[in-house]
Amino acid sequence: MNVTAAHFIETEEGDEKRIEGRMCLSEAFLTFSSTEKGQYYEAVIPLYTIRRVEKLNDKNHPFSIKFVNWHQAHTQFRLNVTKQQYEEFSNRLTVNLRKQIKYMKMLKKFLATCPSELVVADKTNEEIDQSPGGLGLTFGFPGDPKKLKDKSKMKLWKKYFNEYGRNLTVVKTAQFGRLVRVGLPNRLRGEIWETCSGSIHQRFMNQGLYHRILEENKDKTSLSLEEIEKDLNRSLPEYSAYQTPQGIDSLRRVLSAYSWKDPELGYCQAMNIVTSAILIYMSEEQAFYTLSVLCDDMLPGYYSTSMYGALLDQIIFEHLLESTMPVLFNHFKKTDIQLSVACLPWFLSLYINSMPLLFAFRVLDCFFMDGPKILFQIGYADVKDFINGDDLMRTSDDGAFINVLKKYFNSLHEPLYPDSENVKARTLTKFNELLLVAYREFSSITDEKVRELRQTHQLKVVAGIESFAKRSTVRNIDETAGFSKEEMGILYDKFYNVLYYRQQKNQQQQQQSKGDRMDYSEFEKFIGSLASWARFSRSNNNSHHHSNDQDERQSKVGKTFMVRLFKKFDKGEQGSDAIIGLGSILKGNHNDQISLFFELHDVDKDDYLNRDELLQFSETLLWVFRDTADDDDGQHLGAVSSFLRNAFEYSEVKEEGSEEKFLSLASLRMLVLADEVLENFFEHEFSDSFQLVEKTIEKQRSLGREIFDSLFATGVKFANSRPKLSPVTVSSPTSAASISTLSSSPQTQPSQQQQKEKEQPKEEKKEELKNNNDNDNDITIIHQNDDNGEDDDDSDDDEGGDVLEEVDRLLKEYGDDDDN
């Protein structure tokens, strides 16, 4: 249910600040998003965190409501609705809240795993470090905490948590985005990553699942586990934890648990790199759910066998480069430099393998907040001409291109203004400039644009993947039976189209896959896609009007012939069986065709056809001829009748004294060649009836199924497997003046006209929904007013100014003598 509403906040000066926006109510969440231009304010409130709801008795604003959450924070809204809409909203909210009370009992235990609770409770660093966290607690976090101003950042985040909530109840504002972009403090980085990505909601709703998966599968083996073992020692070897059994075991458990959670995907390359990085700041359970959100939501298709998601974004990257930096793009095109050689690893590893770790984690901060678009923005900032464009314009091959980028990444720590008289200016590095260029110069790259380009280019990617798979399969077939590459490609499509629909049926019926082996029903469809006479499901709306008995008899004859042909082709070699069998028909001569028919009807394999076998031979010919267009004069029927009479006449006994007569292969060949109609059939008509032509609709169907599998199956699978109370992810806070606001929030600009009713205000009843354990609150809540706080909608001077002014302003936000 969606309604327009106004959110009222009491400022530190005692004034009331009004934020217009849209409120959405679902079964598990209440969300509010600002719709005012230049104002970022977004709240996702899980209903299980709401302790109390009050209908306010306000005569001027009769449809006002106040929420009190688990952290005792008060949130007030005025709904711009009619009385009927207000009552409907209130009733639905009450019902949903009652359903969520049971989950409130899980909050206390869960919040004990969130360091933000201890930060707000003013605990010491030693006490904060006792809460669950990543490998950095044992092996140290990268970088010098003093140089990173970690202590000052913690103070700023404590202030933010007190004002706007924390973990499950945090509200995201423009200030939230600024705090993330200047770098997260080590101890809060993991929690804020999962808060931004939404994985914190998955972790709450599935408490204990991670350890249960490990326990249930501890004695099992799989192909994914074997692949994981190969990559464990190649995961961030520069970090000390991954040179010890403790770090390796931790990484192994997370990757193994995910492979069991999603056995269809299992484990794919680059998962180990990303997981090893987030494990430095996250507990194993946090990393497990964050990896799930990465693979299923944020980067679908990146970590799969085909890597279609990463390949798709590479095409988009090149497309946008052409429009943003045409000179550089033309140079790459002229010198045949492949951008994907360097850029694909950036996207797959989220820059972890490309930049020094300290800076890679800063990119991850922005990635979890802003989403996949930051991968493009950072990439374009890397190759921007005023940063390193001159060197790139002098490159002439892929190797030189990669070397220039490596040199640049290795210089990110270098000071931007080494000779400046300003002390803080001398601390600014090339990485500061990189971030500013990414956000300012490429703010036009929005999530909406990326989604639009993904839809535009997805067909190209899937077609390329399918083409590559086809070429690889065709190349690895030893026996091509004389078929050309084009013909092999058509056979590939028809063969795997049949197997695809079999696979879908098996999945629906939960049957085990047969691999690339066809059964008879699939073989029948395969041959039917090549030759019209082999199709049994056609209507009989033709010039031949058979009785039901005749139709049944013909069908039985046809089935018998097709079963024998299937057994003839089936040698246990998967797809090559069909190729070799068809090759003997399409590439053979008339003697090969006659021999094939003879063999298929020689049931007792004595190298002769007896009377019954000759009758079956004739019936098979009539079945193949049944819909021949030019047979109105009964030409084919006459030829078969004449053949049968002659066959009986020329049959011979095999042994003296025996009355039963048989027809040999040589005699059969003589009788066939003596009849012009049958000679033409075995000479070319039978082989010509197999049409190695792929219709346009078949190409579209083949491509369509690949798109369905590759681009949507992961999302559908995940949606079906998610818990009933699915988490809501929120768009990231960005500076209104200099950075585009994400368009992925669930709220839209209201278009309905506000309705007002003049009614006498009624005494509203105060409604309370409390958990039985309301009094069991052993977390110290500090309500703190800081006179030095700044307004959230203050865009500062993000627009304009040079790099020095911008970063100097950010440094002032957390300048603190204690760090010096």
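The legends below describe close-up views of a predicted model.

Residues are numbered from 1 along each chain as its sequence is written, and side-chain values use heavy atoms, with hydrogens and water left out. Because the model is predicted, local features need pLDDT of at least 70 and side-chain atom pairs count only at pLDDT 80 or more, whereas totals for chains, interfaces and linings use all residues.

**View 1**
Strand 6 spans residues 64-69; helices (H or I, at least four residues) and strands (E, at least two) are DSSP runs, numbered from the N terminus. In strand 6, 6 of 6 residues are buried, where buried means under 20% relative accessible area, exposed over 50%, and partly exposed in between (1.4 Å probe, protein chains only). Ser-64, Lys-66 and Val-68 point one way, and Ile-65, Phe-67 and Asn-69 the other. In a regular strand the side chains alternate between the two faces of the sheet. Strand 6 pairs in the antiparallel sense with strand 5 (residues 50-55) over 5 bridges, and with strand 7 (residues 74-79), also antiparallel, over 5 bridges; two strands pair if DSSP finds at least two bridges between them. Strands 6 and 7 form a hairpin with 4 residues between them. Gln-72, in the turn, has a positive phi of about 65 degrees.

**View 1. Lys-66 and its surroundings.**
Lys-66 in strand 6 stands opposite Glu-54, and its bridge partner in strand 7 is Gln-76. Phe-67 has Thr-75 as its bridge partner in strand 7. Arg-52, Glu-54 and Lys-66 are linked in a network of salt bridges, a salt bridge being a side-chain nitrogen of Lys or Arg within 4 Å of a carboxyl oxygen of Asp or Glu.

**View 2. The largest nonpolar core.**
This core has 141 residues; a nonpolar core is a set of buried Ala, Val, Leu, Ile, Met, Phe, Trp, Tyr and Cys residues joined through side-chain atoms within 4.5 Å. Leu-79, Trp-157, Tyr-303, Met-355 and Phe-367 have the most contacts inside it. Helix 18 (residues 357-370) gives the most to this core, with 10 residues. Apart from it lies another core, of 50 residues, among them Ala-531, Met-562, Val-624 and Phe-682.

**View 3. Contacts of Tyr-303.**
Leaving aside neighbours within four places in sequence, Tyr-303 is in contact with residues including Leu-265, Cys-268, Met-271, Val-274, Phe-347 and Leu-350. Contact means heavy atoms within 4.5 Å.

**View 4. Helix 1 and its kink.**
Helix 1 (residues 83-104) has 22 residues and reaches 30 Å from its first C-alpha to its last, close to the 32 Å expected at 1.5 Å a residue. The expected span is 1.5 Å times one less than the number of residues. A kink of about 30 degrees is centred on Arg-98; the bend at a residue is the angle between axes fitted to the seven residues ending there and the seven starting there. Among the buried residues of helix 1 are Tyr-86, Phe-89, Leu-93, Leu-97, Gln-100 and Met-104.

**View 5. Leu-453 in helix 23.**
Leu-453 lies in helix 23 (residues 447-475) and is buried, with a relative accessible area of 10%. Not counting residues up to four places away in sequence, Leu-453 touches Ile-316, His-319 and Leu-320. The C-alpha atoms of Leu-453 and Ile-316 are separated by 6.4 Å, although the two are 137 residues apart along the chain.

The structure holds 21 salt bridges. In one of them, Glu-117 pairs with Arg-166, the closest N and O atoms being 3.3 Å apart. Glu-117 is in helix 3 (residues 115-120) and Arg-166 in the loop between helix 6 (150-164) and strand 8 (171-173), 49 residues apart; both are buried. The side chains of Asp-122 and Lys-158 meet in a salt bridge at 2.8 Å, N to O. Asp-122 is in the loop between helix 3 and helix 4 (125-128), and Lys-158 in helix 6, 36 residues apart. Lys-158 counts as buried because its relative accessibility is 18%. Glu-194 and Arg-203 form a salt bridge at 2.9 Å, N to O, and both residues are buried.

Strand 10 is joined to strand 11 (residues 661-664) by 2 bridges, and Glu-652 has Phe-662 in strand 11 as its bridge partner.
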